Amino acid sequence: MLPDHMAEGLDVVFCGTAVGRASAARGHYYAGPGNRFWPMLAETGLTPRLLRPEEDHLMPGFGLGLTDLAKGVAGQDADIPSAAYTPERVIALVRRFRPRALAFTSLAAARTGLGNRRLGAGRLPDDPRLPGVALWALPSPSGLARNHFSPAPWLALADWRKAKAWT
């Protein structure tokens, strides 16, 4: 549905489960009403300004990338067939482009992407399939998950990125 927005040497690639219906209809990532993705990027300093979903193609210019575990489908996680998820495609993409970090934009994405149902939010243990890539699980910015949202892991990712800028 939506193309990956990637480039070599990015700081962080954000990976969701699949695009929502509103994003698919608008043709841009995180475009649903109430989605906090774009505001969180600006509020944490991951982007220098608030971007609109229509500006998602600009992300690599800010050192950031976008992808999803399931391509060619749209909807809420419960609507996506398990066969649509292709974590091996994401792992191959990350190995090819070699970002410094892979940040899943929900616990469901992290658990599906890494094949570990016990993962919590925040910095994750290293994965031998992705040497040198820091892994993060962020609370979902979806408006549907607002009752479970916490900005703390998003802030920790931003702090990590700032600290890594000097190393």
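**Grounds for the labels**

Author: Let us begin with helix 2, whose buried residues are covered by elements that include strand 1, strand 2 and helix 5. This is a predicted model, in which local features need pLDDT of at least 70, side-chain atom pairs count only at pLDDT 80 or more, and totals for chains, interfaces and linings use all residues. Residues are numbered from 1 along each chain as its sequence is written, and side-chain values use heavy atoms, with hydrogens and water left out.

Reader: What makes a stretch a helix or a strand here?

Author: Both are DSSP runs numbered from the N terminus: helices are H or I with at least four residues, and strands are E with at least two.

Reader: Why is F37 called buried?

Author: Buried means under 20% relative accessible area, exposed means over 50%, and partly exposed lies in between, with a 1.4 Å probe and protein chains only. F37 has a relative accessible area of 0%, so the label buried applies. W154, also at 0%, therefore counts as buried. R98 lies in the loop between helix 3 and strand 3, and its 61% is why it counts as exposed.

Reader: Which residues of helix 2 are buried, and why are they said to lie on the same side?

Author: F37, W38, M40, L41 and T44 are buried in helix 2. They cover an arc of only 165° around the axis, which puts them on the same side of the helix. The arc is that of the directions from the helix axis to the C-beta atoms.

Reader: Why is strand 1 said to be mostly covered?

Author: Five of its five residues are buried. V12, F14 and G16 point one way, V13 and C15 point the other way, and all are buried.

Reader: How do you know that strand 1 pairs with other strands?

Author: Two strands pair if DSSP finds at least two bridges between them. Five bridges join strand 1 to strand 2 (residues 64-68), and the two run parallel; F14 stands opposite L66 there. Strand 1 also pairs with strand 3 (residues 101-104) in the parallel sense over four bridges, and V12 has A101 as its bridge partner.

Reader: What makes F14 and F37 an edge-to-face aromatic pair?

Author: Rings of Phe, Tyr and Trp (its six-membered ring) pair if their centres lie within 6.5 Å; planes under 30 degrees apart count as stacked, over 60 as edge-to-face and the rest as tilted. By this rule there are seven aromatic pairs. In the pair of F14 and F37, the centres are 5.3 Å apart and the planes stand at 90°, which is edge-to-face. F37 and W154 form another edge-to-face pair, at 6.0 Å centre to centre and 75° between the planes. W154 lies in helix 5 (residues 152-164), so this pair ties together parts that are 117 residues apart in sequence. Ring pairs link F14, Y29, Y30, F37, W38 and W154 into a cluster.

Reader: Why is the link between T105 and Y30 called a polar contact?

Author: A polar contact is a pair of N or O atoms within 3.5 Å; within protein, one must be able to donate a hydrogen and the other to accept it, and residues adjacent in sequence count only if both atoms are side-chain atoms. The side chains of T105 and Y30 meet this at 2.8 Å. At 4%, T105 is buried, and Y30, at 12%, also counts as buried. Contact in the wider sense means heavy atoms within 4.5 Å. Leaving aside neighbours within four places in sequence, T105 is in contact with residues including F14, F37 and W154.

Reader: What makes a group of residues a nonpolar core?

Author: The term means a set of buried Ala, Val, Leu, Ile, Met, Phe, Trp, Tyr and Cys residues joined through side-chain atoms within 4.5 Å. The largest has 26 residues, and those with the most contacts inside it are L102, F104, L124, L130 and L135. Helix 3 (87-97) is among the elements that each supply at least two residues, and helix 3 gives the most, with five. Apart from this core lies another of 25 residues, among them M40, L64, A101 and F149.
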